[in-house]
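Thank you for making the time this morning.

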Amino acid sequence: MFEILSKEMLTPNICQMRVNAPRIAASARPGQFLIVRADEKGERIPLTISDFDAVQGWVTIVTQAIGASTCDIVSFEVGESFADIAGPLGLPSGFVNESDEVLAGSSYVFIAGGVGTAPVYPQVKWLHDRGVKVDVIVGARTKDLLIYTNRLAQVADNLYICTDDGSEGFHGVGTAMLEKLVSEGKQYTQAVAIGPMIMMKFATACCCKLGIPVIVSLNTLMVDGTGMCGACRVTVGGKTRFACVEGPEFDGALVDFDEAMRRQGQYRSEEAFEKEHHKCRIGRGK
Amino acid sequence: MAERIPRVPVRAQDPEVRAKCFEEVSLGYDRQEAMLEASRCLHCKNPRCVGACPVNIQIPDFIACVAKGDIAGAAAVIAKDSSLPAVCGRVCPQENQCEGSCILGIKGEPVAIGALERFVADNSPSTEVEQAAAGGHKVAVIGSGPAGLACASDLARLGYDVTVFEALHKAGGVLEYGIPEFRLPKEKVLKPAIDTVKALGVKIETDVIVGRTVTIDSLMDSEGFEAVFVGTGAGLPKFMGIPGENLCGVFSANEFLTRNNLMKAWREDYLTPIHAGSKVCVVGGGNVAMDAARTALRLGAEVHIVYRRTEKELPARKEEVSHALEEGIVFDMLTNPVEITGDERGWVKSLRCIRMELGEPDSSGRRSPVPVEGSEFEIPTETVIMALGTSPNPLISSTTAGLEVTRRGCLVASEEGATTRPGVFAGGDAVTGAATVILAMGAGRKAAKAIDEYLASKK
């Protein structure tokens with residue numbers, strides 16, 4: 001049922017797939033995620049929804065092949081089907097429920113890193129469609145690892161590209177770009193940072209320094225994604241929250257990132273073992 | 001009457017062998033043993049066991065069939081009241097229900113009703129049941145656990161067009177994700193039980209999270225369901241709120257068991273990771289605590305159960321406690337955790353506990369434990385599993401207008417299962433908070449009857 005309608009490798013290990021999932025497409029909102037189980041013996045992998053079309057009944061997912069299960073997901077070809085996709089999960093982005101007046105007075109800046117650039121797209125698109133001012137900063141290590149820049153360029157007021165090695169755009173990290181923009185007089189009422197946990201930690205620190213409130217989207221460990229297992233526990237403002245049902249978006253200033261990063265790596269040794277003993281099938285057909 | 005026949009013991013796998021594998025522990029009766037055990041029933045004129053069974057199975061009648069060797073007849077008797085005998089024979093707390101009220105138990109050992117029920121279910125082909133003509137009325141059942149399956153099968157028998165919506169990728173609810181293989185084999189016992197429900201015409205749609213993928217409103221307004229049964233159980237894990245609970249190596253029993261049961265982490269051919277380590281402390285004393293402890297043991301750990309009262313107050317089934325003890329699990333009773341300490345990498349190092357003593361009885365009638373001042377001590381451990389109970393998931397109540405919940409998050413429902421919203425019924429743990437498989441089944445069946453009456457009155 002969850003048939004893959006199209007597939008595109010955005011970088012050597014980041015893959016975009018459009019998948020048939022009518023029920024999810026009809027209910028999805030920006031900021032939500034879903035869970036994919038590639039086949040009978042695979043894990044349940046949480047992935048953010050990068051785009052959706054309620055009328056045509058598809059959702060887009062962007063997966064970075066890093067472990068055995070994500071390698072499996074990426075190895076699927078057009079015409080094949082995933083065993084399961086469940087969602088949409090988590091709460092939609094906070095701005096979805098904001099009034100037009102509040103939104104009209106807002107000015108957003110998104111700081112996107114790595115595979116986290118993809119889920120930024122539906123959020124920026126949603127805000128753009130409502131006439132909200134949105135700038136987007138996309139960062140990557142090098143030019144070849146940049147994703148979604150063309151699509152973001154169509155919906156962002158300004159798109160700023162940054163590479164660590166200077167191979168494209170601004171030479172430096174996304175937070176340095178943000179500091180530069182603010183020093184040049186740009187004013188933002190809200191920042192949203194999505195990317196690797198460490199990047200969101202630094203983006204939060206930067207935004208706090210600049211006095212811009214910042215929302216982060218936490219990609220914690222999960223099993224069911226419905227509040228049942230508690231693997232996604234994260235300390236926010238001194239309280240334990242479940243990222244799957246109370247998140248995935250939280251006020252970055254309140255998140256205990258060091259704990260979140262440690263918890264994210266809980267199964268690292270088990271995962272390394274699986275990957276070593278698992279044949280990655282990307283690019284070799286099935 | 002001459003010397004009575006003693007209760008026929010149920011054969012079990014050798015504790016040393018079973019502590020290292022996930023094969024079913026209890027082997028059950030063979031035909032001869034079952035017939036002998038069945039001959040012990042006194043056939044009381046006023047059988048107390050029937051009243052003590054939440055679904056009122058005609059226990060003496062099915063036992064009489066077993067005694068005669070008529071297993072198919074026994075199965076037909078049970079099928080009138082229960083759709084999951086192979087499951088209930090294995091997981092019901094019989095000592096508090098049917099067997100607990102057996103007259104033979106006053107002076108000696110009660111009839112092994114649970115073991116006999118299991119024998120009948122395991123040794124009879126699925127029985128044909130009468131099915132009313134389909135009326136075409138659509139009913140949605142949310143959750144494919146014991147409450148949902150029982151409600152769905154009764155409704156299907158009454159001729160309704162029933163669809164069960166399951167949030168996970170596999171049907172069965174707690175029977176699939178919670179209860180381990182060694183207590184309830186999935187392929188051998190659970191799958192056939194679910195197939196029987198499907199054979200009645202019930203459709204099961206997995207990967208649908210009601211409250212997210214769809215809502216009760218969209219099911220009723222856009223998909224044409226005329227009534228809804230909410231049997232979503234009690235899936236939210238509780239934590240203690242002590243320092244260190246978010247350290248790496250602290251898991252809810254739900255996570256640990258779901259990884260192992262639903263996600264099959266114990267099997268090498270599945271990708272799911274699980275972490276038990278060399279030593280595990282399980283906090284809690286219920287069936288879930290026993291399941292988590294015995295699972296950790298089978299994954300190779302030394303396992304301690306940490307419980308704040310004494311062995312006498314353990315809420316787990318007697319059989320689970322004795323099986324756990326036989327397998328070598330250490331019971332640290334009158335012990336309550338106060339903190340989990342961690343190492344410099346953020347992993348669990350020890351469980352700091354305080355000794356307890358029993359004080360006055362509390363509202364549940366159990367003597368409440370009070371801490372012994374100055375008695376703190378540390379149990380070095382690699383993993384801590386919290387098995388402190390669960391509460392209902394707010395995903396449905398928070399997305400459905402007109403559905404009232406109690407302070408504890410349980411859905412408000414009448415004895416028959418009617419919620420505060422017309423057309424929406426509920427039963428099982430979602431209403432009562434965490435309880436038993438058989439109580440959930442009973443509630444599902446009552447609600448099926450109420451739904452039938454509700455839809456008949458609407459016509």
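I will go from the whole chains to the core, then to the contact between the chains, and finally to some single residues.

Please keep in mind that this is a predicted model, in which local features need pLDDT of at least 70 and side-chain atom pairs count only at pLDDT 80 or more, while totals for chains, interfaces and linings use all residues. Residues are numbered from 1 along each chain as its sequence is written, and chains are lettered from A and ligands numbered from 1 in the order in which they are written. The pLDDT is the predictor's confidence in each residue, from 0 to 100, and for chain B its mean is 93, with 97% of the residues reaching 70 or more. For the complex, the predictor gives an ipTM of 0.91 and a pTM of 0.93.

Let me begin with chain B, which has 17 helices and 16 strands; here helices (H or I, at least four residues) and strands (E, at least two) are DSSP runs, numbered from the N terminus. Its radius of gyration is 23 Å, close to the 23 Å that the globule rule gives for 459 residues, so chain B is as compact as a globular protein of that length. That radius is taken over C-alpha atoms, and the rule is 2.2 Å times the number of residues to the power 0.38. The C-alpha trace of chain B spans about 65 × 65 × 50 Å along its principal axes.

Chain A, in turn, has 10 helices and 16 strands. Its radius of gyration is 18 Å, close to the 19 Å from the globule rule for 286 residues, so chain A too is as compact as a globular protein of its length.

How much of each chain is buried? A residue is buried if 20 or more other C-beta atoms lie within 10 Å of its own, exposed if 12 or fewer, and partly exposed in between, with C-beta atoms placed from the backbone. By that count, 53% of the 459 residues of chain B are buried, and 51% of the 286 residues of chain A are.

Now to the core. A nonpolar core is a set of buried Ala, Val, Leu, Ile, Met, Phe, Trp, Tyr and Cys residues joined through C-beta atoms within 7 Å, and the largest one here has 233 residues, with B:Val282 and B:Ile385 making the most contacts inside it. Helix H17 of chain B, residues 437-458, gives the most to this core, with 10 residues. Two residues are in contact if their C-beta atoms, placed from the backbone, lie within 7 Å. Leaving out residues up to four places away in sequence, B:Ile385 touches several residues, among them B:Phe251, B:Val282 and B:Ala296.

Where the two chains meet, the contact takes 31 residues from chain B and 35 residues from chain A. On the chain B side, the largest share, 4 residues, comes from H13(B). The residues of that side divide into 14 nonpolar, 12 polar and 5 charged, where Ala, Val, Leu, Ile, Met, Phe, Trp, Tyr, Cys and Pro count as nonpolar, Asp, Glu, Lys and Arg as charged, and the others, Gly among them, as polar.

B:Val120 is found in H8, is buried with 28 other C-beta atoms within 10 Å, and has B:Phe62 and B:Val66 among its contacts.

Lastly, some backbone details. A cis peptide bond joins A:Gly87 and A:Pro88, with omega about -5°, and A:Pro88 is found in strand E7 of chain A. The peptide bond from A:Gly247 to A:Pro248 is cis as well, with omega near 10°. In chain B, B:Asp207 has a phi near 60°, a positive value in a residue other than glycine, and with 24 C-beta neighbours inside 10 Å it counts as buried.
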